[in-house]
Each structure stands twice: as C-alpha cells, then as structure tokens.
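Here is a friendly walk through a multi-chain model, meant to be read with the structure open beside you. We go chain by chain, then turn to the places where chains meet.

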Amino acid sequence: MSATNVEILKIFIPFIILLLIVGFYYILATRNLIRILLGVEIITKAALLAIIVVGYVTNNIPLAQSLAIIMIIIEVFVVAVAAGIIIQIYKRTGSVDARNIRNLRG
Amino acid sequence: MLALFVLIPLAGVLILNLLRFDFIKKIACWFGVLLTLAQIGFVLFVPLDLMASQSGFFGRYFASNFTMDSLSKLMILAIGIVVFAAIMIGQFTYSDDTKRFNFLNLILLALAGMNGIVMVSDIFSLYVFIEIVAVASFVLISTYKDKLALESTFKYIVLSITATVFILLSIAIFMLISGNTSFASIGDAAKNPGNSTLVVIAVCLFICGAFTKGGLVPFHGWLPDAHSSAPSSISILLSGVVIKVTGIYPLIRIMNITGGGGEPVKNILLFIGALSIVVGALASLGQNDIKRMLAFSSVSQMGYIVIAIGTGSALGLAGAVFHILNHAIFKSQLFANAAAVEKQTGTREMDKLGGLALKMPVTGGTSIVAMLSISGIPPLAGFWSKLLIIVALWQGAHYTYAFIAVVASVITLAYFLMLQRKVFFGKLAQGLENVKEAKFGLVLPALILALLTILIGIFFPLVYNKLILPIQSILK
Amino acid sequence: MNLILAMLVILIVAALMVVFSSRLLMGAISLAVTSIMVTLLMFKLNSPFAAVFELSICAGLITVIFITTISFVKPVAEEDLLEIRKRRIKKYMALPVILIIAGVVMSFVIKPMILALPATGQETNFANVLWNLRQVDILGQAIILLVGVFGIVVLFKEGQKK
C-alpha cells in the first residue's frame, strides 16, 4: 500500500463519476430506445472500472478480475435480451421512439 | 445439501429439455408443482441442522457458500408458496403448449435463482443471483409480445440495470474497506469506526438500488406497468416474491450486517417507507384496471415493510418479515382471483364488471378473505403483521409514522371495498349473464392461499414461535 | 501516472462522442472505442484476463449486437444530417458544461481527502480464485446462460399458426 495507490484511486474516482454523469444524462435526455441502451452500457462500464480500480489499490486483483469477468458475462445477456425487446417493439409499432412507449402512465 | 435448492430446479430444466417427447410438454407443469410442494415441505419439516449439514455427496460442493438461517428459511417458504401458485395458474392460463413449456423452464430457473439469493453469504453472489431473477422476469413478462408488455419490459430493464449499477458501486466501496466480498468480512470492516463514512455511503448506494428493485417510491415507475401488463401467473410471481427477494431481502441483509448504518439511514428508510405507503394507497383509489390497482397496492405494502425495517428494533424486523410472508400469500391470491375473473369475463376493467358474486362464488369469497387480511382485520394474518409494525413504530417514538400507517390501513380497506363493490357486488353488468365459475384448477390455488391466510391468522402464536421468533436471533 | 490520466480523458471524450453522435452507427462505434479505452486501462492496472474479456465481448460481441439492432431499425428522422447535428448539439450542450463544473468541484473536494486502504491480498493465483473461491458465481453464470438462451428463443420465435 504505497502512496501512489491512493493517488491512483484519487485520479480514478472523479472520472468514474464523470462517466456516470454522462451515462445518466444520456438516458434521461434521449428519445431513441437504442440510445437509451447505449447510455446503460456507459454506466455499466463505469461500475466495471470501479471494481477493477478498487481491486488494484487493495492488492486484490485476482478477486477483482474474477468479479469483472462475471459482470461482463451477465451484462452480455442483459443487453442481448434488451436488444431483442427493442427489435420486437420495432416490429410491433414500427418505430423506436420513446415517446411511443409513454402509453402507460407510471 | 443446501445447494440442492438451486441444483434441483436447474437439473429439472435440463432433463425436461433433453427428453424430447411430446407428452413432456403436457405434464411439465405438474413437475414444477411437485417441486415447489417438495420445497415447502422440506423447509417446514426438516430441521435446520440437518439441512445445513456438510456431509454427503452434495454437501461437499458449494459447502461453505450456501448458508441458511431462519430468515432464509422463511423466505424459501414464501418463495415455494408463491411459485406453486404461479405454476398452477400458469398451467390453466397459457393457451399455447410451447409457450407454457417455455414459461415453466424460465420459472424453474427463476426459482433456482431466488433460492440462491436467500442462501448466499457473499454480496457479489447476491448480485449474480439477483440478475438471474431479473433477466428471467424480463423474458417472462414479454412472453405474449403485445405492445403494452414490451413497453413495460423495456422500462423495467432500464430501471433494473440502473439499480444494478448502484448495487455494483456499493459492492466496490465495500471491497475497498474490507478487501473481500463475503458478508462476514464486510461485517467486521463495518465495525471499525474509521470506516463509518464510507460504510454510510456504500449502504446508501445499496439501498437506492434495493428500493428501485423493490418498487418503492420514487423509483416505482416500472412497477404498475410491469405488474399489470404481464400475464397473470407472472404478475403473481412478480408481486408475490420477486420484488421482495430482489429488493427487500438484500436490504434486510445489508442493514443487518453493517449494523444499520446509523441514524441517517434509518430516517431515510422511515421516510421512504411512509412515502410509499401513502402514494401507493392514494394511487390505488383512482385505478380502473384490477391488476393495476393491485400493483399500486403492492407499492403501498412494500412501504409498510420498509418502514418497519426502519425502526431498527427486533419487533420491527419481526413485523416486516411476517408481512413479507403474509403479503406473498394474499397478493398472490388476489392476482389469482384477477386471473380467474379475466379468464371468465375477458376484461379487467372494473367499469365493465359487476355482480359477479353470484356467478363466481368461490372467487368472490376468497377475495373477501384477502381484502380483510390486507386491511388488517382480525383474526386474519394481515392483522397480526400490521399490528406488529404499528406497535414497533409506536415503541420507537415515531408517532407520526404510526398514525400514517393506521390511516393508510383504512384507505386500503376503502379501495378494496370499492373493488368488491364494483366487481363482485352490485348489478350484474351487461354481457356477463353466461359467466360461470372458473375451472377447478384456477380456483384451487386461490382456495389454498385463502385457507393459509385464515390458518396463519388463527394459529398466530404457533407461527410466531416457530418461524418469526428465531429470526430475531440474527440481530446481534 | 500521466499515461493513466491521458487514457481517462480519452475515455470521457469517447463517451461524449457516443452522446453527440448524429447517426446511431457512429454511436455504436464510439461505444466500441470506449470499450477499447477501458481495456487499455485494465491492462495498465495489471488485469490482463479481465481486459481480454472486455475487449472480445464488449468491444466485439456487444458492438455486433448493437449493429444488428440498428440494421433492423429504420432511421428515426428523415431530415438533413446537418439539421440533426445542430439540433443534437443544442440539446446536449449542457452536458460538457456539467462535466467541467463537476470535475472542478471534485478536484477541490477529493484532493485533500485521506483514504486508508486495507493491506490485503491473500490469494494471488487468479485461476485458483476464479474456480475455487467463486464457485457459486460460476453456477450462477451457468443458470443465467440457460435463462439467456430461453429468453432469445421466446423473444424471437414467432408462434406457429395452428
């Protein structure tokens, strides 16, 4: 645990938070379902980086790598199902505009 | 031995798919029913030590990773009951054989995932199994691929992934302070007073994720849409266990392990719980669709559970966990009634229904039982759990919150009375003259669940001593 | 250290390119570029296995999934490309401003913070950790694989007309 480890952590934290801001802003502001999925991918990458950098600074890289690998695999399946849903929405309604899915009031 | 709860449904799915006979598709659902009955029987009649023993063939694998304490035992009981009801309703509401077979495969995998959630002792494995249940629910909701279901599934996906990212960030912070992801090491690290700020941040992030998955206000946007546009048996699954097992149970575990995170976290829980109770109850008053009203009622009841956890006392925890079990039973039964009404009359809108009490007596009778239980009328089960919650609030000197809980109970009674009047009593609506009672298979789960509600209410002291009291031992 | 800082800045720039892309295809490719930057960062942080997974799956498979989805879908608006670009820049103008403000605020808050890190690190063999300690997660992955397969089958198989 050297001083540079803490420095590395201190450099990563602002950038991870910035990446989260980009992702969340994109999800809230965009109208296109596929772009919402892109935003979701961005925030997942931020979480991935967070786990890896925490593993690096606590000298626990094997654990962090295993967790990261499992996270990536799970993310693939979720994105695949979400893409399938978008394609089915397009087949049923002819557009992927998010304004069309405001039918049900939350 | 405990791994069997996860491995047997998995093996069942593999076997069912490898045997390519046509009649398998017809009898598949009964295999699922048998499995869930076995799970309920196992958890009720086999003592805890025998189940957790690490000898024997299966005991050696995953031995140190699956544990079961009394909270898990109660959750597995609730999971077994609700999945049993969901499979039985699914047997009679899916029109297509292939769709029913896919439904059974996915619900067995979701069952394996849910059993896994309540038995792991590691926060990252908790995330993995939560994702299994989430992906299975995405697919199950959108089985019929109609427009409404697809829209609500997409909303659910986006909010679920946001919740997952919050949970992952909190796992990263927990790893930072403790170096490992198991519950034991997180608990040890949380006791260290130097870590307290980081623990509070991590717990807050985690509970944001858990609130979203559990459907609490203000993250409840996906819940009414998803629960009302899903097929009937999936609504039972979602409202009955999924929101509790993926939302409330992780919340209880984290609060338990990290010692609660102090006063600010408890105040957040109390406030969000009260907010959900009020918003859910008020929103239910204005609904026309039966299932949408039941979905908002679920939001309200989740608020009750969270506000009880927020008191931080042993009595509050007991009330919360008992309410989890009760809500699983009576909400599943209400959705089963809605499924019967929808199948026999073809509509779910209360404006178009009326006077069904004479035509569908069993459905009407069981829904009255559920209504009394959910509003907290003695001697049914719901009365006891709401009493525990309100007493815990009173003892913790949260008088305003106790008052809100009591008033919301009255509002609950009001909107369910409105449901009864519009659907079952009153004049027989047009076009409903030929409606008969639903098939026996559809009515049987509702009967069993109503019977359970009555029995748990009458035999409350027995249930309390056997199931609820041991849970307080997890609070140290 | 400076290399890591440069890679992080390029990462944020790539994410901004995803936001400001006017065509969906550019957005998917910018996401692949973001994944490549994450891979490089992971290499720098001594995580070669995770970096390889990230490269092949996120920069590869997920980009293919996105491009497949985009090819199914007609473009949303049939206006001039320049018009779309101007509208998008106007809509997302607030984002870089927010980012710069947040960056400045954080650099003042985080620099003086004192973080104590536990000196851990028992297992150093990656294969041992993955296959022996994380067995439950591997089981969970197998289950989610089955769920994914059934999910794709349910979503894409049209019902047979009887």
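Starting at the N terminus, the elements of chain C follow the order α-α-α-α-α-α-α. That makes 7 helices and 0 strands in chain C, where helices (H or I, at least four residues) and strands (E, at least two) are DSSP runs, numbered from the N terminus. Before going further, please keep in mind that this is a predicted model, in which local features need pLDDT of at least 70, side-chain atom pairs count only at pLDDT 80 or more, and totals for chains, interfaces and linings use all residues. Residues are numbered from 1 along each chain as its sequence is written, while chains are lettered from A and ligands numbered from 1 in the order in which they are written.

The domain assignment of chain C, which is automatic or taken from a database, gives domain 1 (1-77) and domain 2 (127-157). Their centres, taken over C-alpha atoms, are 24 Å apart.

How does chain C meet chain A, and how many residues take part? The contact involves 65 residues from chain C and 60 residues from chain A; two residues are in contact if their C-beta atoms, placed from the backbone, lie within 7 Å. Helix 3 of chain C gives the most to the side of chain C that touches chain A, with 12 residues. That side divides into 45 nonpolar, 14 polar and 6 charged residues. Here Ala, Val, Leu, Ile, Met, Phe, Trp, Tyr, Cys and Pro count as nonpolar, Asp, Glu, Lys and Arg as charged, and the others, Gly among them, as polar.

Chain C also touches chain B, with 19 residues of chain C in contact with 30 residues of chain B. On this side, chain C has 12 nonpolar, 6 polar and 1 charged residues.

## Chains B and C in numbers

A residue is called buried if 20 or more other C-beta atoms lie within 10 Å of its own, exposed if 12 or fewer, and partly exposed in between, with C-beta atoms placed from the backbone.

| Chain | Residues | Buried |
|---|---|---|
| Chain B | 476 residues | 62% |
| Chain C | 162 residues | 28% |

Among contacts with a separation of 6 or more, residues 24 or more positions apart account for 81% in chain B and for 51% in chain C.

## A closer look at chain B

Chain B has 21 helices and 0 strands. Its C-alpha atoms fill a box of roughly 70 × 60 × 45 Å, taken along the principal axes.

Why is S297(B) called buried? Because 24 other C-beta atoms lie within 10 Å of S297(B). Beyond its neighbours within four places in sequence, S297(B) is in contact with G280(B) and S284(B).

## The nonpolar core

A nonpolar core is a set of buried Ala, Val, Leu, Ile, Met, Phe, Trp, Tyr and Cys residues joined through C-beta atoms within 7 Å. In the largest one, of 268 residues, I51(A) and I107(B) touch the most other members. This core draws at least three residues from each of domain 1 (1-77) and domain 2 (127-157) of chain C. Leaving aside neighbours within four places in sequence, the contacts of I107(B) include G32(B), V83(B) and L140(B).
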